[in-house]
Amino acid sequence: GPEDYQPTPEDARTIATADVVFFNGHGLEAWLGDLFRSAAKPGQPQIAVSEGLPALGVGEAGFAEGNPHFWLSAALGAKYVERIRDGLAAADPAGNQAYAANAAAYTQQLLLLNAELKQQAASLPPEARTIVTNHDAFPYFAQEYGFTIVGDILGNAESEPSAGDLAALVQQIRATQVKAIFSESQFSPKLSETIAREAGVKVVANLYTDTLGEPGSGVASYADMLRYNMGEIVEALR
């Protein structure tokens, strides 16, 4: 994932030749700072697309600047579009009108998608909208679509959970009658499967958060990813 990504010489070349660089921000890509210092050309605009959004979980384990996974809410994804539009227009004023028109069309698409996702979530009664996740990527999703996160297995990205942590999570799952544990395609499902077995619940181990699917997976765009995740989650919690 972007949290522990190791940049390559190719990445340095890409940054060196870029007219403008967009990144998520809120501490997600800590490795980017060194790359900017060593490779970026002077005066290059470097734009954190999540800047200015109200962060959840500030100062919690692993996230000094708050949780960076804003894009799992389509409404917050639409805010990214505005930042990208403004960044492109500043770097290339001649393209201003085209950027504004494209951003307006895409924002509208994302807000319609957001309403569709809310409707899908609302097809579950509120008490069924409780989830356990593999890592702490879903607070904005939960806030936007009315889910409660009972716990996340990896607590923070730096350390493996202890046997005591896992036992406590199993207890919590049983007590709150969570039906499923959700993990993402880039993580090994082993830990989730162990906990699910002990708690007597199912695992959905193929959500997408930091990556898109392979070509042909049906998860080739940001909107596809959000639609796919919601479909999988709602289906598992029925």
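Me: Which residues touch the most other members of the largest nonpolar core?
Reply: Happy to walk through this predicted model, where local features need pLDDT of at least 70, side-chain atom pairs count only at pLDDT 80 or more, and totals for chains, interfaces and linings use all residues. Residues are numbered from 1 along each chain as its sequence is written, and side-chain values use heavy atoms, leaving out hydrogens and water. A nonpolar core is a set of buried Ala, Val, Leu, Ile, Met, Phe, Trp, Tyr and Cys residues joined through side-chain atoms within 4.5 Å; buried means under 20% relative accessible area, exposed over 50%, partly exposed in between (1.4 Å probe, protein chains only). In the largest core, of 41 residues, the ones asked for are F147, F182 and I233.

Me: Which helix gives the most to this core?
Reply: Helices (H or I, at least four residues) and strands (E, at least two) are DSSP runs, numbered from the N terminus. Elements supplying at least two core residues each include α3 (74-91), α4 (96-122) and β5 (180-184). With nine residues, the top giver is α8.

Me: Why are the buried residues of α7 on the same side?
Reply: In α7 (residues 190-199), the buried residues are S192, I195, A196 and A199. They share a side because their arc, taken from the directions from the helix axis to the C-beta atoms, is only 100°.

Me: What do the buried residues of α7 pack against?
Reply: The face turned away from the buried side carries exposed K190 and R197. Counting contact as heavy atoms within 4.5 Å, the buried residues pack against α6 (163-176), β5 and β6.
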